[in-house]
Amino acid sequence: MKNIDLETLTIVEARRALDAREYSAVDLTDAYLAEIEKRDQSLHAYLEVWTEGAKADALRADAMIASGDIHPLTGIPIAVKDNILIDGCVASSASKILEHYTAVYDATVIAKLKEQGVVFLGRTNMDEFALGGSTENSAYGPTHNPHDESRVPGGTSGGSAAAVAGNLALAALGSDTGGSIRQPAAFCGVVGLKPTYGNVSRYGLMAAASSLDQIGPITKSIADARIVYDAIKGYDSHDSTSLPDVSNTFATTKRIGVPRSFLEKGIDTDVLASFEKTIQDLVSAGYEIVDVELPNLQYSLAVYYIINPAEVSTNLARYDGVRYGTRVDAPSIGEIYEQSRAQGFGPETRRRILTGTFVLSAGYSDAHYRKARALRELIRKDFVDAFKDVDAIALPTTPTPAFTLGSHTTDPVAMYLEDIFTVPVNLAGVPAISIPTDTVERDGKQLPIGFQLIAAHRNENILFDIGSTLEKSK
Amino acid sequence: MTEPVVDIDTLATLARLAITGIEKAKLANEIPQILAFVDIIQSANVGDAPADTAHRNVMRDDTNVIETGLYTEKLIAEALSAANNRIVVKQVVSRTR
């Protein structure tokens, strides 16, 4: 087997080496499969590794390269979150209710990657139905953080982030409903992009909270995130929330806003100090830093934890043990629904469904769901107004580094508080990226933390531009 | 706002979810905690902000975009009980209870 340094490898470098015939897609795939074999027993990033399928993909990619049919991702081995459909492969959303469910079509993002000749390594672990923040809600056991295996990788795309950080995939797809790409990327020390809502098709992504969900890449560098994003973005007639293709507007005022009043409490001291250090790096790189006010940001987490369960309870009503998935046999159809759902869904999923049912119920929906919807609109407007004055807004990705396994599982509200800096982005539908800029020490170990940049709708280019500057300054 | 009364049995019935006694006691404690946590929105002044943003018409022409039978075999293969290219379900409506 060829000796390939997976630790430092990026898509950009692999593309160069594959095109220069320094190694083949089969060599590269074998290197990743060997690393998975060696390390995934302890990390548990994957729910299933498609060894034979990956080798067949790699052979096809090598034939494409030999014939000159080369795309940016031809022969690149990637991992896919378990809630994205690949025709003929099991997709379970890490739930028992879909344990044996085989996808019957390709998600649009998968069809696009197949056209480029991507190698699919396997499906990655996640919080069941993308509900959580630690990957501990998987029905198949938690994933461990490659930087400290006693800690969580974050979630819900924890398997995808751990796979990239642990050199078990060159890139991965995740989905981000309230921070589910950015938070695990921050905890694992990799790059995670949540695109503008509507820029990447959700067709073939299992719906959690439909107005918040978005597929995006997890990679080792900004350039790699851009390559994967360019490959998967675009209008899709199969997704009614897909946005028409337009070229991005690109301003160059070099002004970045910081919502200072939002950083006054609930954040670890060293995480805040590191954030300020990165802000100074941006000043040194010629950016102007200004304070911005987003008055309704303080309500984001509460608004999110009303809208999310409301949409989740509605979306998950489709899993009833009749057409597909797990069924518990019972005398009547009603009991089949109730028992199949009770046994098929895990505790957090059941909690969200019931909370969602409550906030949508007669007598309470006006005070909860409708008010949250109105506040969401004000939060969106706060961002739109702020971006009239600045190119980007900076926030830490998370208030803490990765926490230890089991430390938040008995207190759902404590787990929700970890999402404080990421959920406003999903409520507003704007794009954001988490960049690994620093580490902080916990229990003698250096743990990565993320720096989050947020841009106006459809201005992903600004995130890549500032992100590249930060990457170079490290 | 007064503390909402959370009836777990009613919610479970509405959500078609069987809940055991132990879990019921746990949820009866946790769901009010979550509702207390999100109750901060009651102090927000939303003025006349609309609960729904402007919509864009995404309706397509009323044409048959899916060829009949294209996915039937694959979908039936996923069904838990099937016969004659149909999904078999328990009786939904009955004359007597």
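A: Let's begin with burial: a residue is buried if 20 or more other C-beta atoms lie within 10 Å of its own, exposed if 12 or fewer, and partly exposed in between, with C-beta atoms placed from the backbone. Elements are DSSP runs numbered from the N terminus: helices are H or I with at least four residues, strands are E with at least two. In strand β11 of chain A (residues 445–455), nine of the eleven residues are buried, so this strand is largely enclosed by the rest of the structure.

Q: What should I keep in mind about the model and its numbering?

A: This is a predicted model, where local features need pLDDT of at least 70 and side-chain atom pairs count only at pLDDT 80 or more, while totals for chains, interfaces and linings use all residues. Residues are numbered from 1 along each chain as its sequence is written, and chains are lettered from A and ligands numbered from 1 in the order in which they are written.

Q: Which strands are joined to β11(A) by bridges?

A: Two strands pair if DSSP finds at least two bridges between them. Here β9 of chain A (residues 392–396) runs antiparallel to β11(A), with five bridges; A:Leu395, for instance, has A:Gln452 as its bridge partner. On β10 of chain A (residues 432–442), ten bridges link to β11(A), again antiparallel, and A:Ala432 is partnered with A:Ile454. β10(A) and β11(A) make a hairpin with two residues between them, and A:Asp443 in the turn has a positive phi of about 50°.

Q: How many residues of helix α7 of chain A are buried?

A: Nine of the eleven in α7(A) (residues 222–232), so this helix is largely enclosed by the rest of the structure. Just after α7(A), A:Gly234 takes a positive phi of about 125°.

Q: How do I read the span of a helix, say α11 of chain A?

A: The expected span is 1.5 Å times one less than the number of residues. α11(A) (residues 347–360) has 14 residues and reaches 20 Å from its first C-alpha to its last, close to the 20 Å expected. This helix is mostly covered, with eleven of its 14 residues buried, including A:Arg350, A:Arg351 and A:Arg352.

Q: What do the buried residues of α11(A) pack against?

A: Contact means that the C-beta atoms of two residues, placed from the backbone, lie within 7 Å. The buried residues of α11(A) pack against α9 (300–315), α12 (366–386) and α13 of chain A, together with α1 and α2 of chain B.

Q: What does chain B look like, and where does it touch chain A?

A: Chain B has three helices and two strands, in the order α-α-α-β-β from the N terminus. Of its 97 residues, 12% are buried. At the interface, 40 residues of chain B are in contact with 43 residues of chain A. The elements giving two or more residues to that side of chain B are α1 (8–14), α2 (21–38) and α3 (72–78), and α2(B) gives the most, with seven residues. By class, that side has 30 nonpolar, four polar and six charged residues; Ala, Val, Leu, Ile, Met, Phe, Trp, Tyr, Cys and Pro count as nonpolar, Asp, Glu, Lys and Arg as charged, and the others, Gly among them, as polar.
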